[in-house]
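Morning, everyone. I have one chain to show you today. Please take a look at it before I start.

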Amino acid sequence: MTSFASQIWTLTQARQITARTHLVLQALASFEGHRGLFPSHESIAARAGCSTRTVIRALETAYSLGLVERTRQRMRRSGRVVNGPNRYRLILVCLEQAKAAALHATQRLKEALARRKLYFSSNCQNGSEAHFQRDIFFEKPRSKNDWLDLIASWSPSPSTS
């Protein structure tokens with residue numbers, strides 16, 4: 001098994017990640033301790049010598065390659081549930097990296113579909129389009145006979161000559 005540092009070096013040499021991403025991942029790995037790995041984006045940016053936005057982009061690249069796995073934490077403060085620090089896990093085994101990359105891609109797809117649904121729902125609150133859009137998301141399922149009747153209604157009726 002190879003070390004995380006050698007993996008990111010190999011990816012940098014193969015030009016799959018940029019030098020900035022390499023620095024961010026090295027900075028992230030330097031935070032690893034016996035209690036885990038949970039630095040803030042600002043802490044990583046300070047250690048890597050880059051902006052917070054660069055850290056976010058680099059971590060997104062690492063998630064999609066399956067190098068890093070993120071677990072979001074929720075905390076209760078003053079009776080409210082708020083976002084807590086992210087926990088990170090560096091992945092060294094290739095099979096686990098592939099699984100993590102696939103899981104991340106699935107999550108991104110779900111989020112994109114939810115945004116698309118919200119967009120369509122919000123755009124269809126006015127005028128005559130409201131019924132059409134509501135039917136897309138909330139139409140009740142049809143039976144086999146309903147589908148056959150619908151298809152039969154599309155075909156031209158036989159003409160009697």
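This is a predicted model: local features need pLDDT of at least 70, side-chain atom pairs count only at pLDDT 80 or more; totals for chains, interfaces and linings use all residues.

The overall picture. The chain has seven helices and four strands. Follow the sequence and you get α-α-α-α-β-β-β-β-α-α-α. There are 161 residues, and 25% of them are buried. The accessible surface is about 12000 Å². Carbon and sulfur atoms supply 56% of that surface. Now the contacts with a separation of 6 or more. Of these, 48% are between residues 24 or more positions apart.

Next, the helix pair. Helix 3 covers residues 41-48, and helix 4 covers residues 52-65. How do they pack? Their axes lie 8 Å apart, at an angle of about 100°. Angles of 65 to 115 degrees count as roughly perpendicular, so helix 3 and helix 4 fall in that class. Which residues meet? From helix 3, we have His41, Glu42, Ile44 and Ala45. From helix 4, Thr52, Val55, Ile56 and Leu59. By class, that contact has five nonpolar residues, two polar and one charged.

Strand 2 is residues 74-77, and strand 3 is residues 80-83. The two run antiparallel, joined by four bridges. Take arginine 76: which residue of strand 3 is its bridge partner? That is valine 81.

Key. Residues are numbered from 1 along each chain as its sequence is written. Side-chain values use heavy atoms; hydrogens and water are left out. Two strands pair if DSSP finds at least two bridges between them. Axes are lines fitted to C-alpha atoms, for helices over the stretch in contact, and angles run from 0 to 180 degrees between N-to-C directions. Angles under 35 degrees count as roughly parallel, over 145 as roughly antiparallel, 65 to 115 as roughly perpendicular and the rest as oblique. Contact means heavy atoms within 4.5 Å. Ala, Val, Leu, Ile, Met, Phe, Trp, Tyr, Cys and Pro count as nonpolar, Asp, Glu, Lys and Arg as charged, and the others, Gly among them, as polar. Buried means under 20% relative accessible area, exposed over 50%, partly exposed in between (1.4 Å probe, protein chains only). Accessible areas come from the Shrake-Rupley method with a 1.4 Å probe; for residues, only the protein chains shown count as cover.
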